[in-house]
Amino acid sequence: MLPCLNEIDSVAAVVREAKAAMDEAGVAGEVVVVDNGSTDGSADAAAHAGARVVHERRRGYGAAYMAGFAAAECDVIVMADADGSYDFAALPAFLDRIRDGDDLVMGSRFKGQIEAGAMPWTHQHIGSPILSGLLNMLYRTGIEDAHCGMRAFRRSALSEMRLRMPGMEFASEMVVNAARAGLRIGEVPVNYRVRGGRSKLRTVPDGWRHLRFLMLYSPTHLFLVPGLALLLIGLLMLVALLPGPVIVLGRLFDIHVMVLGALLTLIGFQILAIGLYAKTLAVTLRLQPMDRTLRALRRVFSLERGLVAGTLLFVIGFVVDFWIATEWASSGFGPLNAVRPALFALVAMLLGLQVVFSSLFLFAIELQVREPA
Ligand SMILES: Nc1nc2c(ncn2[C@@H]2O[C@H](COP(=O)(O)OP(=O)(O)OP(=O)(O)O)[C@@H](O)[C@H]2O)c(=O)[nH]1
Ligand SMILES: [Mg+2]
């Protein structure tokens, strides 16, 4: 299957190359070209060369493929660009891995040969390694070339991959979702050649779309980890400085550091809470499988416990403030020096309210969004 946006210089030749490769491999099938509103006659050229042409008006690499997948009829789908950059000599290797039981087989241009000039230096040595590295750090797929456009998969794996991204980030989504669904993923070398025609890849916007996708798709790394870290550091500063100044390594830490601690505590909790909302929503909508973090949390956390804990925190802060006020009154409203406990009380009350309302919101998400059994 070949997505195509204005590839008149190459599309017909690619269709013929794909057909020849299928004949040589002894497999029956068809070449499908998904035309994305080309204005250069690509669709006609593809049809003339023997392809079935599917039309998709919504622009984008992902949108094109999703339309093509919906129209596909074969059990195995092989993906490649319509620009002539992928060498179909790799086709038998893809099919072998599928026959061996892989659900998704990724091409790896780094394991194959990259023709001089086929990949801009910045993509090959900066963009691609950074994005693939991040993808593997966050989602542990073990795939070397996560943006390779030549891939093969079983059509039966489509429902598990739950693909929905319209742009170039579709390439990342497919790998991440396949890994999340526990599909068997293989990798084979593929040679990468200089493309015909003009590139449709826009380095910065498309690189950003991948990056954005990778970050937004993992609330754990985007919110939970940094939120929890800030919260713990803030709490440590706040509690350590409550009794009075502290000297660490010869430096005096005092009230200003405590203010910073209060700030970090509140910011940390906010970020943590947003992460929990995002994760709960994703799991409740079954966009993400239930993971260890959430399962452990559910064991210790319930709406009632959240309400009780939050109220308790609020009351503690309130009592401290009340105590400060009575001390002040009993001194005849004289000079007051209670900044430390006042700061502590402020954070306790704010946190308490946040815990109460976050708990309510979390359970409201679950209640209102849950799909009927
Ligand atoms: N970017 C983009 N590509 C599309 C679209 N619709 C179809 N395509 C096709 O998707 C394939 C991938 O785009 P390319 O421009 O080859 O991107 P790339 O392979 O990452 O980069 P180069 O081959 O180096 O240009 C090509 O066959 C395009 O013709 C679209 O709306 N946007
Ligand atoms: Mg290409």
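This is a predicted model: local features need pLDDT of at least 70, side-chain atom pairs count only at pLDDT 80 or more; totals for chains, interfaces and linings use all residues.
A residue counts as buried when its relative accessible area is under 20%.

Asp83 has a relative accessible area of 4%, so it falls in the buried class. Asp81 has a value of 16%, and because that is also under the cut-off of 20%, Asp81 is buried as well.

Strand S4 covers residues 76-79 and is joined by four bridges to strand S6, residues 151-154. The two run antiparallel. To see how they line up, look at Met79, whose bridge partner in S6 is Arg151. S6 also pairs with strand S5, residues 104-108, this time through three bridges. Here too the strands run antiparallel, and Val105 stands opposite Ala152 of S6.

Another group of strands makes an open sheet. Its three strands follow the order S1-S2-S3, and their pairing is parallel. Strand S1 (2-4) and strand S3 (52-55) stand at the edges; each has a single partner strand, so one side of each has no neighbour in the sheet. Neighbouring strands here are turned against each other by 25° on average, with direction ignored.

Finally, turn to a pair of helices. H5 spans residues 121-139 and H8 spans residues 203-216; they pack at an angle of about 10°, with their axes 10 Å apart. Angles under 35 degrees count as roughly parallel, and H5 and H8 are therefore roughly parallel to each other. Which residues of H5 and H8 make the contact? On the H5 side they are His123, Leu131, Leu134, Leu135, Leu138 and Tyr139. H8 brings Thr203, Gly207, His210, Leu211, Phe213 and Leu214. Sorted by class, the contact of H5 with H8 has eight nonpolar and four polar residues, with no charged ones.

Definitions and conventions. Residues are numbered from 1 along each chain as its sequence is written. Chains are lettered from A and ligands numbered from 1 in the order in which they are written. Side-chain values use heavy atoms; hydrogens and water are left out. Buried means under 20% relative accessible area, exposed over 50%, partly exposed in between (1.4 Å probe, protein chains only). Axes are lines fitted to C-alpha atoms, for helices over the stretch in contact, and angles run from 0 to 180 degrees between N-to-C directions. Angles under 35 degrees count as roughly parallel, over 145 as roughly antiparallel, 65 to 115 as roughly perpendicular and the rest as oblique. Contact means heavy atoms within 4.5 Å. Ala, Val, Leu, Ile, Met, Phe, Trp, Tyr, Cys and Pro count as nonpolar, Asp, Glu, Lys and Arg as charged, and the others, Gly among them, as polar. Two strands pair if DSSP finds at least two bridges between them.
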